Amino acid sequence: MAINTDCKITNSSGKSVVVLNAANSSTNVAQNSTQQGYLQDLTLLTGKSGGAVLADGASDTFTLDETYVDENGDTKTSYIYDLLFSQPDSLFPVMVVGESLNFDSMSYPDITLTAAAAANMGKAFSFCQNIMTSPTSKMAVAFQEAMSDALRLKTVAAIDQAIAAFFNQYDAFKGLDFPSYVAVSTWMRGFAYLWGMDESGKVGQTYYVYSAPDAGKTGATSEGTIVFARKGNAPSPADPTDRQSAMTITLKSTSGTTTALKFADGQVIDSAGGAIALNCSFGFKGTFTGKDTDTTAWAILTGTMLDKPVIAIPMAPDSDWDQFWSGLTFEKLLNYFLQAMGVWMALDFLKQKLTAKEKKLNDDRANKNDGRDPDAQQQADADEASDKVGDAVATQDQKLIDSADPSGKVKLPESDSEFSQAVSEVRPQASEAYQAVAEDNINGAIESAGSQLNDLAQIEVTPDIQEAESDLVDAKQSLSDGDLAAANKSLDSVNKQLPEIVENMGDQVSAELKQQVEEAVEAQEEASEIADETSDNADEAGSGDETPFEDGEIPVE
């Protein structure tokens, strides 16, 4: 019977989509390639209608007639396709389908894209944010255990069921499945789009690059900006071979020189093995700002730039976010981010091993067994393929880690015992770093408040000023005792008293001093908010009790 290569696709996802085909997917399996998901070579398929974009509610027919190269080097017809249905401009995943030939009808089953699948991608994005922000959380540790256990299972159905059971433990991620997680995590690592997004989900973001201050100084040293900008001639739909996502990435140093950067495998670099390597990840926004926002996490870049360890965040120097930070605190936080990178990559490493096993099992079923389940030998072959891919991934990931951290201190934990050891070492580092941020902000705010009270006391020492100074002494003592909550409470009292003192002193206070106090109180209140959040983060990070969050920040088209 002749094979019907037509595949009818109906889009009921609620979004317009394009169909991306990982044309060399089966070849990758045969060669034990580390390319998976959106990190594969992708081609944009055109339907028989002649269009590339499939609108919501529309249907079209696509032809599936690719070949692949097997482990013996022979070219054969492919009967399984890795189809990635994606939003047209960002290529953000909407649904992924492993489309296999039905060997009874010798045709490809119809595909219907669903709104539930599209919603799952949002959950997958949120989950990725969570484990990047808190890779040593109890949830992240449980995920590592779930994937490690799933590697011992024999069938794709059993593996997917085990990972789904893990996700279903958490209200925020109920219904999420392993293929959706693989799709989003590889999209994040495969394309620059996310890292060039602003908070509204649109492309166009500026990161401000900072290094540690000189010895004895507070704050951070500005090293320049990294600007993601959309090209004027950006194609729509997007070109899936363009890892830059139709953007330019430009470093402008404080000296005025500019350097063209590029995005590669989850990093912003100047060139392979070059002088700039910044890992793209997420961090708690409240570590840097106390202003009310709709998001918990934001994108950060951490690594090395011209032999300097740096952090890049979307916050300009004139915001004074770092005015109370010591150099030691900056270094502690950066070191934690780098260590966390190694732990997060360990989760990604396991994901790739598990994906390799699934792909081998699926590929054997479709391309070798005419739709029959893999036998015992093929299951053993899948384990071997998983190990080979894992070895290659470990080597690649360690190179990425070393490029961002030339010190060589950050290592990829491959085994279960190594992962457990890394978690036990990094949790205290996280707690100490967040605690240092909290202490610096409280201490800086106390000193600022003391300066304002001193200036006001030069005019007149009122009972209100004396009371505020007493509260400030309490704050200092509590901070010295390590009781940050009590210190922050006393500081909050002073922040409320200062405007009242100015108002009660009336015309005695000049307009200039009044404005000075208002600005100082605003900065002190923000420092207090940061201290409150980072103190909580310190407690949670030390025990792994970080609560899953849902920011919902996904590409907007």
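1. Asp 464 lies in helix α9, where helices (H or I, at least four residues) and strands (E, at least two) are DSSP runs numbered from the N terminus. At 31% relative accessibility, Asp 464 counts as partly exposed, a class that falls between buried (under 20% relative accessible area) and exposed (over 50%), with a 1.4 Å probe and protein chains only. Leaving out residues up to four places away in sequence, Asp 464 touches Ile 501 and Asn 504, contact being defined as heavy atoms within 4.5 Å. Asp 464 and Asn 504 are 40 residues apart along the chain, and their C-alpha atoms are separated by 8.9 Å.

2. On the basis of the values, this is a predicted model, in which local features need pLDDT of at least 70 and side-chain atom pairs count only at pLDDT 80 or more, while totals for chains, interfaces and linings use all residues. Residues are numbered from 1 along each chain as its sequence is written, and side-chain values use heavy atoms, with hydrogens and water left out.

3. The axes of α9 (residues 463–480) and α10 (residues 484–505) come within 8 Å and cross at roughly 160°, the axes being lines fitted to C-alpha atoms, for helices over the stretch in contact, and the angles running from 0 to 180 degrees between N-to-C directions. The two helices α9 and α10 are therefore roughly antiparallel, on a scale where angles under 35 degrees count as roughly parallel, over 145 as roughly antiparallel, 65 to 115 as roughly perpendicular and the rest as oblique. Their crossing is left-handed, a term used if the near helix is turned anticlockwise from the far one by less than a right angle, with right-handed for clockwise. By class, the contact of α9 with α10 has 12 nonpolar, five polar and four charged residues; here Ala, Val, Leu, Ile, Met, Phe, Trp, Tyr, Cys and Pro count as nonpolar, Asp, Glu, Lys and Arg as charged, and the others, Gly among them, as polar.

4. Gln 497 is found in helix α10 and is buried, with a relative accessible area of 10%.

5. On to the next pair: α10 and helix α11 (residues 511–543) pack at an angle of about 160°, with their axes 10 Å apart. These two helices, α10 and α11, are therefore roughly antiparallel to each other, and α10 passes α11 in a left-handed crossing. The residues of this contact divide into eight nonpolar, five polar and three charged.

6. A further helix pair is α4 (residues 156–167) with α6, whose axes come within 10 Å and cross at roughly 145°. Val 156, Ile 159, Asp 160 and Ile 163 in α4 meet Leu 354, Lys 357, Glu 358, Leu 361 and Asn 362 in α6. By class, this contact has five nonpolar, one polar and three charged residues.

7. The largest nonpolar core has 114 residues, of which Phe 127, Met 188, Trp 195 and Ile 226 touch the most other members; such a core is a set of buried Ala, Val, Leu, Ile, Met, Phe, Trp, Tyr and Cys residues joined through side-chain atoms within 4.5 Å. Helix α6 (residues 327–368) supplies the largest share of this core, 17 residues. Beyond its neighbours within four places in sequence, Met 188 is in contact with Phe 125, Cys 128, Met 132, Leu 194, Trp 195, Phe 263 and Phe 282. A second, separate core of 28 residues includes Ala 475, Leu 484, Ala 487 and Val 494.

8. Leu 45 lies in strand β3 (residues 43–45) and is buried, with a relative accessible area of 12%. Not counting residues up to four places away in sequence, Leu 45 touches Val 19, Asn 21, Ala 52, Phe 62, Leu 64 and Leu 83.

9. The peptide bond from Ser 236 to Pro 237 is cis, with omega near 5°, and Pro 237 lies in the loop between β12 (221–230) and β13 (247–253). Ala 246 lies in the loop between β12 and β13; its phi is near 55°, a positive value in a residue other than glycine, and at 8% relative accessibility Ala 246 counts as buried. Leu 306 also has a positive phi, of about 55°, although it is not a glycine. Leu 306 is found in the loop between β17 (297–305) and β18 (308–313), and at 56% relative accessibility Leu 306 counts as exposed.
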